[in-house]
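Open the structure in your viewer and keep the selection tool ready.

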Amino acid sequence: MTDFVADGPVAATAPGGVVPVVRRVRAEEWAEVRDVRLEMLRDPAAPMAFLDTYANAASQPDTYWQNRTTAAAAAQTVVQYVAEVPAGGRTGADAGTGTGGRTGSAEPPGRWVGSATGILEQPGSEDFEGQPVEVRQVHVVGVWLHPDHRGRGVIQRMIDAVVAWGVERGVERARLYVHADNARAQGAYRKAGFVPSGNTFIGSTGRELEMVRALR
Ligand SMILES: CC(C)(COP(=O)(O)OP(=O)(O)OC[C@H]1O[C@@H](n2cnc3c(N)ncnc32)[C@H](O)[C@@H]1OP(=O)(O)O)[C@@H](O)C(=O)NCCC(=O)NCCS
């Protein structure tokens, strides 16, 4: 397992001078997983960014979030990384030594300001949009960053963490779908090493572009 702490330069304009730590969710953090999901589903970009709606997510019982979080923390076929502003305003560089931010349950919880999820996909299957899977790959989904933390490389660190999780599981590439009108997300993904594959399709939220990052 690899966790990531903030190890890039501390942006001078980061809110409060704080750089979020990027780390995996833990099984007991279902309430935080729910809260960050509801926050991202309220983002103005949500209708073109996510397949779920705030109303649907808000109606789910606690068991839904508990099961989802347990699966993401077990890291067999799905993983979720979050960006966390540590309690007390420590910088990411202060928050850990490379083993993943908060390491003890005695530490107070920080504030989650971003999320990115990876799904392990096997060749011969179909993904959640009904698109064929041709190689063993990690599919990056549910990418969101709080507006206060955008433009500082945090999302690229989160995506790198998801991709590294896939690499540990022998994937040949990473892929993701991005709405044709979501220019900012496309720009962010290019900076994370993704290029358009040329594949497009009409998905649940409109015209989607496939972007890929070769890993071998
Ligand atoms: C998508 C998201 C995670 C990207 O994180 P971010 O920190 O904003 O991304 P970055 O600033 O690193 O990269 C965006 C790039 O696109 C550029 N960009 C911004 N708006 C743009 C636009 N309208 N057209 C073209 N490029 C644009 C930015 O300038 C930046 O490139 P630069 O650093 O070379 O200037 C974040 O904006 C977000 O959470 N958006 C709402 C949810 C969402 O759309 N999720 C993606 C679902 S597929």
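**Ligand shell**

Select α7: with 6 residues, this helix gives the largest share of the shell around the ligand. The model is predicted, so keep the confidence colouring within reach for a later stop.

Which residues come nearest to the ligand? Pick Ala 49, Arg 150, Ala 183, Gly 187 and Ala 188, out of 17 around it. Now show β4 together with α7 (183–191); these are the elements that give two or more residues to the shell. Colour the shell by class: 10 residues are nonpolar, 3 polar and 4 charged.

**Gly 153**

Next, select Gly 153. This glycine sits in the loop that links β4 to α6. Is Gly 153 exposed, partly exposed or buried? Count the other C-beta atoms within 10 Å: there are 18, so Gly 153 is partly exposed, since a buried residue would need 20 or more.

**The whole chain**

Zoom out. The chain has 7 helices and 7 strands. Starting at the N terminus, the elements read β-α-α-α-α-β-α-β-β-α-β-α-β-β. Of the 216 residues, 37% are buried. Among contacts with a separation of 6 or more, 71% join residues 24 or more positions apart.

**The sheet**

The 7 strands make an open sheet with mixed pairing, in the order β1-β2-β3-β4-β5-β7-β6. Look at the edges: β1 (21–24) and β6 (195–203) each have a single partner strand, so one side of each has no neighbour in the sheet. From one strand to the next, the twist averages 25°.

β1 and β2 are antiparallel, with 4 bridges between them. Click Arg 24 and find its bridge partner in β2, Tyr 81. Stay on β2: 7 of its 8 residues are buried, so the rest of the structure largely encloses this strand. On to β3, which β2 joins through 8 bridges, again antiparallel. Gln 80 has Thr 117 as its bridge partner in β3.

β6 and β7 (residues 206–214) run antiparallel and share 6 bridges. Select Pro 196; opposite it in β7 is Met 211.

**Helices on the sheet**

**Confidence**

Last stop: colour by pLDDT. The chain averages 87, and 84% of its residues reach 70 or more. Select residues 1–12, where pLDDT stays under 50; the model gives them 35 contacts beyond four places in sequence. Then select residues 91–105. Here too pLDDT is below 50, and this stretch has 35 contacts in the model beyond near neighbours in sequence. Where pLDDT is low, predicted coordinates should not be read in detail.

Definitions and conventions
Residues numbered from 1 in each chain as written. Predicted model: local features only at pLDDT ≥ 70, side-chain atom pairs only at ≥ 80, totals over all residues. Pairing = 2+ DSSP bridges. Axes fitted to C-alpha atoms, helices over the stretch in contact; angles between N-to-C directions. pLDDT = per-residue confidence, 0-100. Contact = placed C-beta atoms within 7 Å. Near = placed C-beta within 6 Å. Nonpolar A, V, L, I, M, F, W, Y, C, P; charged D, E, K, R; others polar. Buried ≥ 20, exposed ≤ 12 C-beta atoms within 10 Å, placed from the backbone.
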